[in-house]
Protein chains: 2
Amino acid sequence: MSVLIVGSVALDYLETPFGKMEQALGGSATFCSVSASYLTEDVRCVGIVGSDFPEEHIRFLTSRKIDLLGLVREAEGKTFSWGGRYHDDMNTRDTLYTELGVFEHFHPVIPEEWKKSEFVLLGNIHPSLQMEVLEQIEEPRLVVCDTMNLWINISKKELKAVLKKVDVLILNDEEARMLTDERNLIVAGQKMLRMGPKVVVIKKGEHGAVLMSKDSYFSAPAFPLEGIKDPTGAGDTFAGGFIGWLARTGDVSVANMRKAVVYGSALASFCVEEFSIDGIRALTPEQLAERFATFRTISSF
Amino acid sequence: MSVLIVGSVALDYLETPFGKMEQALGGSATFCSVSASYLTEDVRCVGIVGSDFPEEHIRFLTSRKIDLLGLVREAEGKTFSWGGRYHDDMNTRDTLYTELGVFEHFHPVIPEEWKKSEFVLLGNIHPSLQMEVLEQIEEPRLVVCDTMNLWINISKKELKAVLKKVDVLILNDEEARMLTDERNLIVAGQKMLRMGPKVVVIKKGEHGAVLMSKDSYFSAPAFPLEGIKDPTGAGDTFAGGFIGWLARTGDVSVANMRKAVVYGSALASFCVEEFSIDGIRALTPEQLAERFATFRTISSF
């Protein structure tokens, strides 16, 4: 089934204890789309890039069969760029710069033939842009919303308006606590469920992820990694894998969302093993299936 | 099968955001023994109390069919007492006082008829006392060792000597990092496996627990609690449930230890719901079975 993904497309500067990378392909829509493309066909990407966006990235995205009809390519201006430096523990990072470029005046325009997309992933962008997407789409089967600490800090009101209209909210533990002013994640989850979403997924990095609905709770382990090279895009990759599995199966039951959480976790675990998009640039179906199976092995008793 | 448990028996002062309790029954041997008694018979407790130790606590422990042959009751002197205050987040605590009392000169003496105990749990006490136990027991099937941050700080050398002689080490994530100087828990686990134990169990509180051996890895979820009243004894309760299940089944395979981790987690989840030992004072087999089943439900996909 069709998956519409809206978010940023970026050329990032990344610095971690393991090295640096300039002009690294990044952005929420990029990671989400590439990740989803491992699970389902008809992935539709909406975003914007500048004249500096390398043709090789377009070729790569197209090779993943991601439909770029909704990717605006501005003749002038630069692609959105974020520079970040991760500290030794990889849990904290400094933003070195944010250059909005063509993203500054971006308003997502959903192509007419995509307005009836069945699955919609509102990637991590300003909530008012997410709302603009919601106003253009028609009768989606499922809307998934990702977000980040920045929007909770500066645009909580707009975010809460979006949350009233989405089916699934995905965020990390720190963000869940910020959004709800509640330390206990179980209580935080219940508070978020009262904000609109029918399902909330809280990502906890090395501690896995939990999925909560009104009457069910699921805890997924993390893949045991001895180290990570670059955490950038892990959350987006998770979200893309999550919605990718739901679109592939056409099953939006909470039971099936448990598997979606594990696929999201599996793809995110590949993502952080390499810089930028490289960890999920060329996975085989066998690699993904094997990692999914490992999640089962490590959590069985 | 028989389980020998050595540790402290205490009368604690507890203060949490939910209240206070004076003269609260506590101590590592207490929590371990009571917890194990829900899973297996022939639980043998070695420790020491003073003349102030209330008879009602003896009656309670005896009612749980815990054999107190190894519990020295000094005619003079006070029972070990720890006073602690937990902060709002329940993750940090201040030690208000530590009164060693009769524990100051305690040296565990294993009764002759207990020297061939099949399962041995070295509860959380000074590693040199744990070593004294190891020197007295004969051909145990399995030795499990618990410890705490204090011993890692002040008696690392003695602790490392003990670790060379135990089969399973149980500790929490903070302690694992302290013991190994390694932030990544997977790498920390591998380092600890090289210190002696064949199996390492790392407890992560609200994030569950992981079990690692040379060639296997298991991640258990945490029971989703909306809040905890008193974390005291949760780690001891975990260890008691862990060894209790192994003793009940007589199966020391790593596969069976996965179930043991879940029983330990289940009992610990009851423990923190009430002050002191009250959360595990009077559980029914049905309650425990139901909580074990819940761990399966919340981790299945």
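In chain B, helix α6(B) meets helix α7(B) through B:Asp173, B:Ala176, B:Arg177, B:Leu179 and B:Thr180 on one side, and B:Leu185, B:Ala188, B:Gly189, B:Lys191 and B:Met192 on the other. Contact here means that the C-beta atoms of two residues, placed from the backbone, lie within 7 Å. Helices (H or I, at least four residues) and strands (E, at least two) are DSSP runs numbered from the N terminus. By class, this contact of α6(B) with α7(B) holds five nonpolar, two polar and three charged residues. Nonpolar covers Ala, Val, Leu, Ile, Met, Phe, Trp, Tyr, Cys and Pro, charged covers Asp, Glu, Lys and Arg, and polar covers the others, Gly among them.

Before going on, a word on the model: it is predicted, local features need pLDDT of at least 70, side-chain atom pairs count only at pLDDT 80 or more, and totals for chains, interfaces and linings use all residues. Residues are numbered from 1 along each chain as its sequence is written, while chains are lettered from A and ligands numbered from 1 in the order in which they are written.

**Helix pairs**

Two packed helices are described by the angle between their axes and the distance between the axes. Axes are lines fitted to C-alpha atoms, for helices over the stretch in contact, and angles run from 0 to 180 degrees between N-to-C directions.

| Helix pair | Angle | Axis distance |
|---|---|---|
| α6(B) and α7(B) | about 60° | 9 Å |
| α1(A) and α8(A) | about 40° | 7 Å |
| α9(B) and α10(B) | about 115° | 9 Å |

With that angle, α6(B) and α7(B) are oblique to each other. The word follows a simple scale: under 35 degrees is roughly parallel, over 145 roughly antiparallel, 65 to 115 roughly perpendicular and the rest oblique. The crossing of α6(B) and α7(B) is left-handed. A crossing is left-handed if the near helix is turned anticlockwise from the far one by less than a right angle, and right-handed if clockwise.

In chain A, helix α1 spans residues 28-37 and helix α8 spans residues 234-249. The angle between them makes α1(A) oblique to α8(A), and α1(A) passes α8(A) in a right-handed crossing. From α1(A), the contact includes A:Phe31, A:Cys32 and A:Val34, and from α8(A) it includes A:Ala239, A:Gly240, A:Gly241 and A:Ile243. The residues of this contact of α1(A) with α8(A) divide into six nonpolar, seven polar and one charged.

Back in chain B, α9(B) passes α10(B) in a right-handed crossing. Their contact is made by B:Val262, B:Tyr263, B:Ser265, B:Ala266 and B:Ser269 of α9(B) with B:Leu288, B:Arg291, B:Phe292 and B:Phe295 of α10(B). By class, the contact of α9(B) with α10(B) has six nonpolar, two polar and one charged.

**Where the chains touch**

Chain A and chain B each bring 24 residues to the contact between them. On chain B, α7 (185-193), β13 (216-220), α9 (254-271) and α10 (285-299) each supply at least two residues of the side that touches chain A. That side of chain B has 11 nonpolar, six polar and seven charged residues.

**Sheets and strands**

Strands of a sheet pair through backbone hydrogen bonds, either parallel or antiparallel. Two strands pair if DSSP finds at least two bridges between them.

Chain A has an open sheet of four strands in the order β3-β2-β6-β7, with mixed pairing. Its edge strands are β3 (19-26) and β7 (93-99), each pairing on one side only. Neighbouring strands of this sheet are turned by 15° against each other on average, direction ignored. Strand β2(A), residues 10-16, pairs with β3(A) in the antiparallel sense over six bridges, and A:Thr16 stands opposite A:Gly19 in β3(A).

In chain B, an open sheet of four strands likewise has the order β3-β2-β6-β7, with mixed pairing. Strands β3 (19-26) and β7 (93-99) of chain B stand at the edges with a single partner strand each, so one side of each is left without a neighbour in the sheet. Strand β6(B), residues 81-86, pairs with β7(B) in the antiparallel sense over six bridges, where B:Gly83 has B:Tyr97 as its bridge partner.

Strand β1(B), residues 3-6, is covered on both faces: B:Val3 and B:Ile5 on one side and B:Leu4 and B:Val6 on the other are all buried. Buried means that 20 or more other C-beta atoms lie within 10 Å of the residue's own, against 12 or fewer for exposed and partly exposed in between, with C-beta atoms placed from the backbone. Four bridges join β1(B) to the parallel strand β4(B), residues 43-49, and B:Leu4 has B:Arg44 as its bridge partner there. Four bridges also join β1(B) to β8(B), residues 119-122, again in parallel, with B:Ile5 opposite B:Leu121.
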